[in-house]
Number of protein chains: 4
Amino acid sequence: MPNSVETIRIAILGASGYTGAELVRLLSRHPAARIAALTAERQAGRPLTEVFPHLGHLGLPDLVKIDQVDWSGIDFVFCALPHGTTQEIIAALPHALRVVDLSADFRLADPALYAEWYGHEHRAVELQTQAVYGLTELNRRAVRDARLVANPGCYPTATLLPLLPLLLDGLVEAEDIIVDAKSGVSGAGRDAKQQNLFTEVSEGMHAYGVGRHRHMPEMEQELSLAAGRPVTMAFTPHLIPMNRGEFITTYVRLAGARTADDLRAALAERYRNEPFIRVLPAGTVPHTRHVRGSNEVHVSVFRDRLPGRAIVLSVLDNLVKGASGQAVQNMNVMHGLIETMGLEQAPLFP
Amino acid sequence: MPNSVETIRIAILGASGYTGAELVRLLSRHPAARIAALTAERQAGRPLTEVFPHLGHLGLPDLVKIDQVDWSGIDFVFCALPHGTTQEIIAALPHALRVVDLSADFRLADPALYAEWYGHEHRAVELQTQAVYGLTELNRRAVRDARLVANPGCYPTATLLPLLPLLLDGLVEAEDIIVDAKSGVSGAGRDAKQQNLFTEVSEGMHAYGVGRHRHMPEMEQELSLAAGRPVTMAFTPHLIPMNRGEFITTYVRLAGARTADDLRAALAERYRNEPFIRVLPAGTVPHTRHVRGSNEVHVSVFRDRLPGRAIVLSVLDNLVKGASGQAVQNMNVMHGLIETMGLEQAPLFP
Amino acid sequence: MPNSVETIRIAILGASGYTGAELVRLLSRHPAARIAALTAERQAGRPLTEVFPHLGHLGLPDLVKIDQVDWSGIDFVFCALPHGTTQEIIAALPHALRVVDLSADFRLADPALYAEWYGHEHRAVELQTQAVYGLTELNRRAVRDARLVANPGCYPTATLLPLLPLLLDGLVEAEDIIVDAKSGVSGAGRDAKQQNLFTEVSEGMHAYGVGRHRHMPEMEQELSLAAGRPVTMAFTPHLIPMNRGEFITTYVRLAGARTADDLRAALAERYRNEPFIRVLPAGTVPHTRHVRGSNEVHVSVFRDRLPGRAIVLSVLDNLVKGASGQAVQNMNVMHGLIETMGLEQAPLFP
Amino acid sequence: MPNSVETIRIAILGASGYTGAELVRLLSRHPAARIAALTAERQAGRPLTEVFPHLGHLGLPDLVKIDQVDWSGIDFVFCALPHGTTQEIIAALPHALRVVDLSADFRLADPALYAEWYGHEHRAVELQTQAVYGLTELNRRAVRDARLVANPGCYPTATLLPLLPLLLDGLVEAEDIIVDAKSGVSGAGRDAKQQNLFTEVSEGMHAYGVGRHRHMPEMEQELSLAAGRPVTMAFTPHLIPMNRGEFITTYVRLAGARTADDLRAALAERYRNEPFIRVLPAGTVPHTRHVRGSNEVHVSVFRDRLPGRAIVLSVLDNLVKGASGQAVQNMNVMHGLIETMGLEQAPLFP
């Protein structure tokens, strides 16, 4: 099949994980994209349907190793590899290729900060400096021109979309931000780990990574940029017995005499024309299930019983807006396409 | 917005139930359809987003009562009302309107059989006679010309799609067909019933309607037509703690010296060009989760340890191919559209 | 069967709800108790096995209406009726009977506070004044001599058990206490409500009652008593797709130079001899599933990334230590029995 | 603590798996047993609470390797090791020790049959011949005198308890027995396998081992003994998204003019005095959730719509009556104890 002028030929590196599969799901219906290569080192040689039977009807190419990809037939790369394995691989790609990286490898701009949290020197420092943080709605201009976009983490996306504008507009204090986060299990990936067995996860919940989750420095980096000074936050993630969905409860201190209504109004105004962000009316609580499978973010603000405080609630699907959906959104921006292209489908409920 | 020539203006009667919501989800992305009216008697006057927040971004009309619909602006009706309430309503619709009815009211062709299973005389016998049974892949020609299509039940769709061709081709016996069926909870609807509470349904399973489920006469009607003589079957449905999905395990007796491989080959051949039906390779088991949210049916045939027998496995999403998806598929057929229109999205997994 | 001297003859009022059933489960194995009467107004006349088949093997009396109970054969009453319906009923009980009430009706000591949160005057003010708040480990002496024990709510039990001692000992500040709570669905009861259907609750989560949950004044009452001055708190409950379990994440400000380790050490010392409370070692996170079905509370304290703060985690089974288990524990204390009697069984995992 | 005369000193081999943990849960409350040794090769040296935090309060000995056990302090052995690893280990135990083995290693009496299904010669043929099949209710006398009891599989226990008496009494035919089985995930064990991840198992279901599950020969062996001639059956297991519970739907042919009512009456009579088996009244369907955590089996018989057939439904908790509970029950029989000892606790619902 000859390649039409408009079609972007896509390679997905790491197609045997959940974010890889989600990229396939979304891009298979994208009118301006064509999946041209799928890589998975350990599964190379197998048809996609054996690894993900739900994608078996799409007639896509078999899985190959990265070094088997013919880059001359590729226009754009999504990198959905595990954290820490991505740096050399992206550094070795032909320079003409534009890339959205879904790992954490290029999210921290400061090499020292990276080394502190990941325990080793960054292996592609130059690229790290060029990478653009792809929180689309708040960084659209930089994303458009980027060669390498570092797709934000799921928790940071859900947390920062409501929080950054409030901080930028001086509506909340940068001190004492407390983020209590809850996530479905798909965020933990597809590797066989005892702790993620159905029997270990269903019918119960627990916190994890208390005080030391790696999404923290990523969030603090962005909050500090917005506040114009170093910001430290509290962040506690919890694992919830559901496949998809992230629920963020953020406890903030109001600046001056601001109220929860002020915050809601400011967010509603800021995101008025954003197709993927819905600021809910007063008193309406977001549910993760109402964004399942979609690229939407729902946000709500409530008065806190503690004077001078407010509670911000936000939800998204960690595999879509929290990963692959935002990655496609970034590709759309990078290519000057309509931003919702390939991302229009309604949430799946129940 | 003026109505373009090609756009079918849709009314969905009963939009506050799950099949109604699923019609909205699918039709909101259908390039040749526009949702023009949504009815819900008890919720009339409310915006759709209050009843189904996941559909709130679609900008659809508010819910109204059926008698508030301006039928002059409607081309096609989907009726997603509860069983037993549909007959008079469809009888009263303007005759020019074509209808797909998702209830059980028009599935049985024989008024006496209807009366026996539903405990009252049919209230629209003439319509009942005209109604076409909308098992699309096997009744496409009749569906095309129908005014009123009776959309099959979820269990019958999942059971009959593999079974009818085998019976028609004389590969299995009509005697001793045993269907062990398992369904997710969304098939039970959205009414508040204690037995469907999370606490009553999760972390456990049970059978229900043993030996007396109302999908039985519907299946026996179609099996009898295929066999050319009355067929009785065993059917036991079970409720499984999941939202969507239906898994059918059918135990059949092989005709003559036929084998499981013969059955699989016959089904593969029969459904070779069907976009929604996948006959899996030998040894591959279908999973309900691999068709979630899609209009697909996956079928597999296994050798039974009992000589002269085989086991047929089939899965679908009860709200899509088992209800609203097949309804849209039927509309596509009735309007001469490409049959997959509005139904192309890939399954959502995990 | 003649009543032995030691056997306490029990009436359970409201035996058709989940806390009622849980009382039956626990008391049926209690060596010093015998269930003599079970009431359920709407289910009166039915055997228990029809309402709760899992209790069908116990050979217990049929359900009756409250006015059918022969109080001369009763020594002790558990009242598991809905909030707001309990006041007149307990007021009308023979005065010789001792009572543990599992509703919220007698938890607030201040009639004005009750009226503010429940929208009507308290209907048994005198009893309200006498009632003892039954947080057993912290109020054991008063419970022992009480005629009427107001069994604490599930959220207050899980929150206060770690928090009150820290406040009493001056280790944390009374200001700025933020409680982010997560609960399984059984806390919502057995009434048929659409919002608690499996399809509405599974595979997703949401907050509810943000800033206005009725467990707030109960917690603030106890915190204020401990602090010696009025305390206001933030409290956000969330509904998690699991049957049982409550997970409380409490964000506290440390007093002076206290550390998270100080808090853990203080709690470990305070609860050293308590059979139902386990303070976990540093770095160990509690899971709700590890206390499922048992009367245990697990507590853990973590350093917060925000300087001067700590994070306290606590879990319990909302139907056991959060309701019926603590009620039995209180009965044991009131009767001078070994406090663990009938409550020894190990958690059920997985 | 000196060992009292009556106390049985227990070793549990393989205490880091789910059946091992379940043995600990049950035996920790058994008045005549004391857990004296717990083995787990890979976890040796660790306290039990690190492997199973829900058992952390019991004060049990740390995990050791099998060759570290001092057998002189042991009276009874439960062997909960993986299939295939058990034969040499039991053969090497001191001969005075009595053993209940929960693996499949000694369930097949015929060495040739074992070799056929397991792909290697049995490594302890002499023991295999002596082993008694521990389906307690139907083999109590042999169990009492056995040195080595082969504890039945979960599916065989649930299937055979209703089926064997019907076959023995000539009420059903031995031909054409079709068993459609559904199980929770805990039956798959605690090993880290991708296919058992929460994300791969929840919100969906599938069949597995169709036509070749290893519980088949075990069931056919017992059915053949009962029928007095070789019996072949159909058996299809399915994996259900729940932790515990097994639901068996058995389709049988009635002998002569027998009816479903005859079957129910016969089972009710046969099991009249059995404390763990409840034959439900006509029209009542068993639920797995109503036996959760208990040693109960619930059985029900329904008329089939197919003439001359009936449907038998049975449920149990696969970790209790399907494994560890029946193992304890067998120990009770072997020691002449009351058979329900340590097994009295009521099911946990919801």
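Guide: Helices here are DSSP runs of H or I with at least four residues, strands are runs of E with at least two, and both are numbered from the N terminus. Keep in mind that this is a predicted model, where local features need pLDDT of at least 70, side-chain atom pairs count only at pLDDT 80 or more, and totals for chains, interfaces and linings use all residues. Residues are numbered from 1 along each chain as its sequence is written, while chains are lettered from A and ligands numbered from 1 in the order in which they are written.

Now back up into the helix itself. α9(B) covers residues 215-227, 13 residues in total, and spans 18 Å from first C-alpha to last, close to the expected 18 Å; that expectation is 1.5 Å times one less than the number of residues. Its buried residues are B:His215, B:Met216, B:Pro217, B:Glu218, B:Met219, B:Glu220, B:Glu222 and B:Leu223. Buried here means 20 or more other C-beta atoms within 10 Å of the residue's own, exposed means 12 or fewer, and partly exposed is in between, with C-beta atoms placed from the backbone. Among the elements covering those buried residues are α4 (111-118), α7 (154-168) and β10 (233-239) of chain B. Contact, by the way, means that two residues have their C-beta atoms, placed from the backbone, within 7 Å.

Pairing needs at least two DSSP bridges between two strands. Strands β11 (residues 246-253) and β14 (residues 309-316) of chain C run antiparallel and are joined by eight bridges. If you want one to click on, C:Thr249 has C:Leu313 in β14(C) as its bridge partner. Axes are lines fitted to C-alpha atoms, for helices over the stretch in contact, and angles run from 0 to 180 degrees between N-to-C directions.

Chain A lets you look at α7 against another helix. The axes of α7(A) and α10(A) (residues 260-270) come within 10 Å and cross at roughly 105 degrees. That counts as roughly perpendicular, the class for 65 to 115 degrees, with under 35 being roughly parallel, over 145 roughly antiparallel and the rest oblique. From α7(A) the contact uses A:Pro162, A:Pro165 and A:Leu166, and from α10(A) it uses A:Leu263, A:Ala266, A:Leu267 and A:Arg270. By class that is six nonpolar, no polar and one charged. Nonpolar covers Ala, Val, Leu, Ile, Met, Phe, Trp, Tyr, Cys and Pro, charged covers Asp, Glu, Lys and Arg, and the others, Gly among them, are polar.

Back to positive phi, where we began. Most residues other than glycine have a negative phi, and most peptide bonds are trans. In chain A, A:Asp176 has a positive phi near 70 degrees; it sits in the loop between α7 and β8 and is buried because it has 20 C-beta neighbours inside 10 Å. A:Glu203 has a positive phi near 50 degrees, lies in the loop between α8 (198-201) and β9, and is buried with 25 other C-beta atoms within 10 Å.

As for peptide bonds, A:Phe349 and A:Pro350 are joined by a cis one, with omega about -5 degrees, in the segment after α11 (320-334) of chain A, where A:Pro350 lies. In chain D, the bond from D:Phe349 to D:Pro350 is cis too, with omega near -5 degrees.

One last stop, in chain C: C:Ile90 of helix α3 (residues 87-91). C:Ile90 is buried, with 21 other C-beta atoms within 10 Å. Leaving aside residues up to four places away in sequence, C:Ile90 touches C:Cys79, C:Val99, C:Asp101, C:Ala124, C:Leu127 and C:Leu148.
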